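Subject: Structure handover

Hi,

Here is the structure I promised you. Please open it and keep it beside this email while you read.

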Amino acid sequence: MRGLARPFLLFAMLFLVFASRARAWTDATVRTGTAEITLEGDGYASVTMRARIRVNGGWLEGFDIEGLDQDALFDPSQPPVFTDESGIARPMEFTPRPGGRVQLRFRRASAPHRGEYEITLHYRTHLDGLVHEQEDGSLEVSWVFPAWRYGLDDVEVTWVTPRETRAADPDMEASPIDI
């Protein structure tokens, strides 16, 4: 038994020295998402996207959102907002990246921990990537909510369109829109 005391003591000391450098784990999932896409007369669409995030454990240091429109233009007058369950905005660093991706980072002191949160993003995108002409001359408008690996249970997309716009097939749940 005495022969095991030294290796155990050495292991315990090394553990204490390096434990402070260990990275924290986080268990978080995106639960629901909504988007409101407003078709504008200048060839652009305004997108307001919200995602509910559940942090089950640990501190959320940050996350990336991929799959936004490639040409997303973020307006500094409408910065992204990350709110907690009581509606209080949490400070964060927001960095748009190429390829329709954004990064959100939180400082440890204000990092989200166990609870429900919501991220709201506002941006504009050109309709070139959203509108496709059909054989009959009508235009089909489509937009896809960013995908997550797991946890996204419910997505709702609302279109705000010019008055003369009509759905191609009103019986379809996810119908294309004719302009």
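Predicted model: local features only at pLDDT ≥ 70, side-chain atom pairs only at ≥ 80, totals over all residues.

Start with the strands. Three of them form an open sheet, and their order is β3-β8-β7. The pairing is antiparallel. At the edges sit β3 (62-66) and β7 (93-97), each of which pairs on one side only. On average, neighbouring strands of this sheet are turned by 15 degrees against each other, direction ignored.

What holds strands together in general? Strands of a sheet pair through backbone hydrogen bonds, either parallel or antiparallel.

Now look at one pairing up close. β3 pairs with strand β8 (residues 101-105) in the antiparallel sense, over five bridges. Find F63 there: this residue stands opposite L104 in β8.

**The aromatic rings**

How many aromatic pairs are there? The count comes to six. Here are two of them.

One is formed by F74 and Y123. Their rings are tilted, with 5.5 Å from centre to centre and 50 degrees between the planes. This pair links distant parts of the chain. F74 is in strand β4 (residues 73-74), Y123 is in strand β9 (residues 115-126), and the two are 49 residues apart. Are these residues buried or exposed? F74 counts as partly exposed because its relative accessibility is 22%, and buried means under 20%. Y123 has a relative accessible area of 3%, so Y123 is buried.

Another pair is F82 with F106. This pair is tilted too: 4.8 Å centre to centre, with 55 degrees between the planes. Which parts does it tie together? F82 lies in strand β5 (residues 81-83) and F106 in the loop between β8 and β9, so the pair joins parts that are 24 residues apart in sequence. F82 is buried, at a relative accessible area of 1%. F106 is buried as well, at 8%.

Here F63 comes back. F63, F82, F106 and Y117 form one aromatic cluster.

**Charges over rings**

R108 lies over the face of W59, at 4.0 Å from the ring centre. R124 lies over the face of Y44, at 4.5 Å from the ring centre.

Best wishes

Technical notes:
Residues numbered from 1 in each chain as written. Heavy atoms only, no water. Pairing = 2+ DSSP bridges. Helix = DSSP H or I, 4+ residues; strand = E, 2+ residues; numbered from the N terminus. Axes fitted to C-alpha atoms, helices over the stretch in contact; angles between N-to-C directions. Phe/Tyr/Trp six-rings, centres within 6.5 Å; stacked < 30°, edge-to-face > 60°. Buried < 20%, exposed > 50% of the residue type's maximum accessible area, 1.4 Å probe, protein only. Lys NZ or Arg CZ within 6 Å of the ring centre and 35° of its normal.
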